[in-house]
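Q: Could we go through the salt bridges in this model?

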Amino acid sequence: MPNGSPAQVLTYADAVQADVLITSPRKLASRPALQAWREGATLPAPWQAVYRDAEAADGELIVWMKTSK
(Lines give C-alpha, C1' and ligand atoms only; values in the text may rest on other atoms or scores of the structure.)
Protein backbone atom coordinates (compact mmCIF):
# COMPACT_ATOMS: atom_id res chain seq x y z
CA MET A 1 0.00 0.00 0.00
CA PRO A 2 1.45 3.39 -0.94
CA ASN A 3 2.10 6.07 1.66
CA GLY A 4 -0.48 8.51 0.32
CA SER A 5 -4.00 9.77 0.73
CA PRO A 6 -6.98 7.41 0.91
CA ALA A 7 -7.81 8.27 -2.71
CA GLN A 8 -4.25 7.38 -3.81
CA VAL A 9 -4.41 4.07 -1.96
CA LEU A 10 -7.72 3.14 -3.59
CA THR A 11 -6.43 4.20 -7.03
CA TYR A 12 -3.36 2.01 -6.47
CA ALA A 13 -5.58 -0.92 -5.39
CA ASP A 14 -7.57 -0.53 -8.63
CA ALA A 15 -4.37 -0.32 -10.70
CA VAL A 16 -2.99 -3.57 -9.28
CA GLN A 17 -6.43 -5.20 -9.33
CA ALA A 18 -6.43 -5.81 -5.58
CA ASP A 19 -9.64 -7.25 -4.19
CA VAL A 20 -8.58 -7.19 -0.53
CA LEU A 21 -7.06 -4.50 1.73
CA ILE A 22 -6.00 -5.06 5.31
CA THR A 23 -5.86 -2.11 7.67
CA SER A 24 -4.20 -2.35 11.04
CA PRO A 25 -3.44 0.39 13.58
CA ARG A 26 0.29 -0.36 13.44
CA LYS A 27 0.45 0.00 9.64
CA LEU A 28 -1.82 3.05 9.58
CA ALA A 29 0.25 4.77 12.28
CA SER A 30 3.16 4.95 9.83
CA ARG A 31 0.92 6.60 7.21
CA PRO A 32 -0.27 10.00 8.53
CA ALA A 33 -2.27 10.69 5.37
CA LEU A 34 -4.58 7.81 6.34
CA GLN A 35 -5.55 9.41 9.68
CA ALA A 36 -9.27 9.08 8.87
CA TRP A 37 -8.94 5.31 8.49
CA ARG A 38 -7.08 5.14 11.79
CA GLU A 39 -9.98 6.99 13.42
CA GLY A 40 -12.53 4.50 12.13
CA ALA A 41 -13.64 5.98 8.80
CA THR A 42 -14.90 3.36 6.40
CA LEU A 43 -13.76 2.78 2.87
CA PRO A 44 -16.20 3.83 0.15
CA ALA A 45 -18.26 1.40 -1.91
CA PRO A 46 -17.54 -1.09 -3.39
CA TRP A 47 -15.20 -1.87 -0.44
CA GLN A 48 -16.85 -3.70 2.45
CA ALA A 49 -15.45 -4.81 5.81
CA VAL A 50 -15.60 -8.61 5.81
CA TYR A 51 -13.54 -9.37 8.93
CA ARG A 52 -12.73 -7.45 12.11
CA ASP A 53 -10.38 -8.52 14.89
CA ALA A 54 -10.91 -6.17 17.82
CA GLU A 55 -8.39 -8.13 19.90
CA ALA A 56 -5.44 -7.71 17.52
CA ALA A 57 -2.28 -6.15 18.92
CA ASP A 58 -2.36 -2.33 18.91
CA GLY A 59 -6.08 -2.18 18.03
CA GLU A 60 -8.66 -3.36 15.54
CA LEU A 61 -7.47 -5.09 12.38
CA ILE A 62 -9.94 -4.91 9.47
CA VAL A 63 -10.02 -6.90 6.23
CA TRP A 64 -11.78 -5.06 3.41
CA MET A 65 -13.01 -6.82 0.27
CA LYS A 66 -14.00 -5.22 -3.00
CA THR A 67 -17.52 -6.45 -3.70
CA SER A 68 -17.58 -5.50 -7.39
CA LYS A 69 -15.15 -4.39 -10.08
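Q: Where do Arg26 and Asp58 sit in the chain?
A: Arg26 lies in helix 2 (residues 25–29) and Asp58 in the loop between strand 2 (47–53) and strand 3; the two are 32 residues apart, so the pair links distant parts of the chain. Helices (H or I, at least four residues) and strands (E, at least two) are DSSP runs, numbered from the N terminus.

Q: Before we continue, what kind of model is this?
A: It is a predicted model, in which local features need pLDDT of at least 70 and side-chain atom pairs count only at pLDDT 80 or more, while totals for chains, interfaces and linings use all residues. Residues are numbered from 1 along each chain as its sequence is written, and side-chain values use heavy atoms, with hydrogens and water left out.

Q: How many salt bridges does the structure hold?
A: There are three. One of them joins Asp14 and Lys66 at 2.2 Å, N to O. Asp14 is in helix 1 (residues 6–15) and Lys66 in strand 3 (residues 61–66), 52 residues apart.

Q: Is Lys66 buried or exposed?
A: Lys66 is buried, at 17% relative accessibility. Buried means under 20% relative accessible area, exposed over 50%, and partly exposed in between (1.4 Å probe, protein chains only). Asp14, at 44%, is partly exposed.

Q: And which residue does Glu60 meet?
A: Glu60 meets Arg52 in a salt bridge of 3.3 Å, N to O.

Note on methods. A salt bridge is a side-chain nitrogen of Lys or Arg within 4 Å of a carboxyl oxygen of Asp or Glu.
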